[in-house]
Structures are given as C-alpha cells and as structure tokens.
Amino acid sequence: MKIIIVDNRISKKCERSLEKEGFYLIKLPPDQNLGEAVRSHPDTVMFYCNGEIITTAEYCDNAAYIFSDIREFAPHIKIYFTNDRRSDRYPFDCVLNALVIGKKIFCKTDSISDGIRDFAYRHGYELIHTKQGYPACSVLSFGGSAITADRGLAATLKNNGIKVTLINDGGISLPPHKYGFIGGASGVVGNKVYFFGDLDLHPDANIIREAIISAGFIPVSLSDEELSDFGGIIAI
C-alpha cells in the first residue's frame with residue numbers, strides 16, 4: 001500500500017484521483033497554533049525525510065490518532081517530537097518548513113527547529129540558509145531540478161548546483177492570501193509530479209511541464225480545478 005500524507009482540505013476530486021492512483025490518504029487535522037491558510041499543510045505541520053517524521057509534541061497530543069495511523073500503516077517510519085511552540089507569527093510558523101534536495105536541507109537556519117538540526121547531524125545533511133522561511137512550499141523539487149517563483153531561493157539553489165526553472169507569481173490559490181506557491185500545490189511520488197488542480201490553468205503551465213518532462217518526470221493534474229496550495233504531499 002502506498003501511503004501519503006495530505007491536508008484534510010484537499011478537494012474531493014483530488015482525493016478521488018489520488019485514490020485511483022493507488023494511494024491511501026492520511027489527512028492531517030489542523031494545528032490551531034498556525035494561521036488558517038497553512039494549519040493543515042504537511043510542509044508546515046511536519047518535516048519528513050529518510051524515513052523520519054519530526055513534528056511538535058503539542059500537535060501529536062492534539063492529533064494522536066493520526067500518528068497511530070502512521071504507526072499502523074507505515075511501521076517502518078520513525079517519529080520524533082520537539083518542544084517547539086508554533087504560532088501564526090513569522091518565523092514561528094515555519095520552524096519545520098525545510099526543503100531537502102540531495103544531502104542538503106534548505107531552511108531559515110536562524111529559526112529552524114533543533115529537531116531538524118539534530119536530524120541533519122545524525123544523517124550527514126548540510127543545512128543551507130535561506131532568507132525566507134518557507135522553502136518547502138515555495139519550491140517544487142524533483143531529482144536535481146527545481147521550480148520556483150522566488151528569485152532569492154532560485155539564486156540560493158543555483159549556487160548549490162541545482163537546475164532551477166523560474167516562474168511568475170500567481171496562478172495558485174491559497175485563501176485568504178493573494179496567491180499560493182508551486183511546492184505547496186504539488187507533490188512528487190516516484191517519477192510523477194502530482195498537482196492539486198489542473199496544471200494547464202497555470203499561466204506558466206508550458207514552462208512547468210517542459211521542466212518536469214525534461215528531467216524525466218511525468219506531470220499529473222489531479223482535477224479540473226484551479227491549482228491550490230495545500231502544503232504538498234508527503235509519501236511515506
């Protein structure tokens with residue numbers, strides 16, 4: 001069984017499409033400490049890499065059944081809890097928001113959780129500082145390539161040997177914000193890049209599709225709706 005973790009608010013159309021792809025969905029309940037837009041986003045609620053999940057002890061207490069499901073359906077996953085106190089104020093809302101590419105973890109190193117620092121030390125990952133604290137939702141990464149609308153992150157990624165495709169802001173829904181982000185509107189599982197909505201409705205659809213296909217991946221639209229930022233997909 002292929003297990004994925006998603007925001008509980010993804011559309012029914014996206015949910016059905018993922019189920020048809022053979023996935024069992026674990027849908028995250030909200031962390032009430034975070035802002036309304038992101039409080040159920042996988043890339044904000046938890047950090048996942050190398051078979052390990054890191055989240056806060058407070059979130060686990062409030063969503064214990066989720067972690068029971070993870071232990072039941074994916075017993076190989078190790079779960080670690082931190083004492084971080086999150087809030088809807090930046091940067092306390094992004095203490096677990098980190099982007100892993102290869103053996104590097106891109107994050108706002110002056111506010112990232114000590115749990116991620118410990119993970120990097122234990123597994124030999126290098127922490128790379130980013131000026132903004134939301135690299136996981138701002139960047140879609142696949143293989144050694146990435147897509148983002150954030151020019152600062154694009155420069156940092158390029159400086160670390162990653163091929164970057166730059167797109168324009170917009171075309172992705174994240175109420176009540178003006179727009180959402182490409183990393184949060186998608187998720188990579190195997191050789192497929194899944195999009196929460198219809199990729200063709202994005203103004204830079206052709207650029208995004210070309211970058212994905214040229215890297216050997218397959219873009220998959222999960223519905224005929226506008227692309228929406230739901231914090232990505234964690235495949236465990």
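A polar contact is a pair of N or O atoms within 3.5 Å, where, within protein, one atom must be able to donate a hydrogen and the other to accept it. In this predicted model, such a contact of 2.7 Å joins the side chains of Arg86 and Asp31, and the surroundings of these two residues are described in turn below.

Asp31 is located in the loop that runs between strand E2 (23–28) and helix H2 (42–45). Its relative accessible area is 4%, and because buried means under 20% relative accessible area, Asp31 is classed as buried. Besides its polar contact with the side chain of Arg86, the side chain of Asp31 reaches the backbone nitrogen of Asn33 at 2.9 Å. When neighbours within four places in sequence are left aside, the residues in contact with Asp31 are Arg39, Tyr59 and Arg86.

Arg86, for its part, is found in the loop between strand E5 (78–82) and strand E6 (99–101), and with a relative accessibility of 6% this residue also counts as buried. A polar atom of the Arg86 side chain lies 2.9 Å from the backbone oxygen of Val45, while the side chain of Arg86 is joined to that of Asp31 by the polar contact of 2.7 Å. Not counting residues up to four places away in sequence, Arg86 touches a set of residues that includes Asp31, Asn33 and Leu34, together with Thr44, Val45 and Met46. Also among the residues touched by Arg86 are Thr55, Thr56 and Tyr59, as well as Phe92, Val95 and Leu96.

Key
Residues are numbered from 1 along each chain as its sequence is written. This is a predicted model: local features need pLDDT of at least 70, side-chain atom pairs count only at pLDDT 80 or more; totals for chains, interfaces and linings use all residues. Side-chain values use heavy atoms; hydrogens and water are left out. Helices (H or I, at least four residues) and strands (E, at least two) are DSSP runs, numbered from the N terminus. Buried means under 20% relative accessible area, exposed over 50%, partly exposed in between (1.4 Å probe, protein chains only). Contact means heavy atoms within 4.5 Å.
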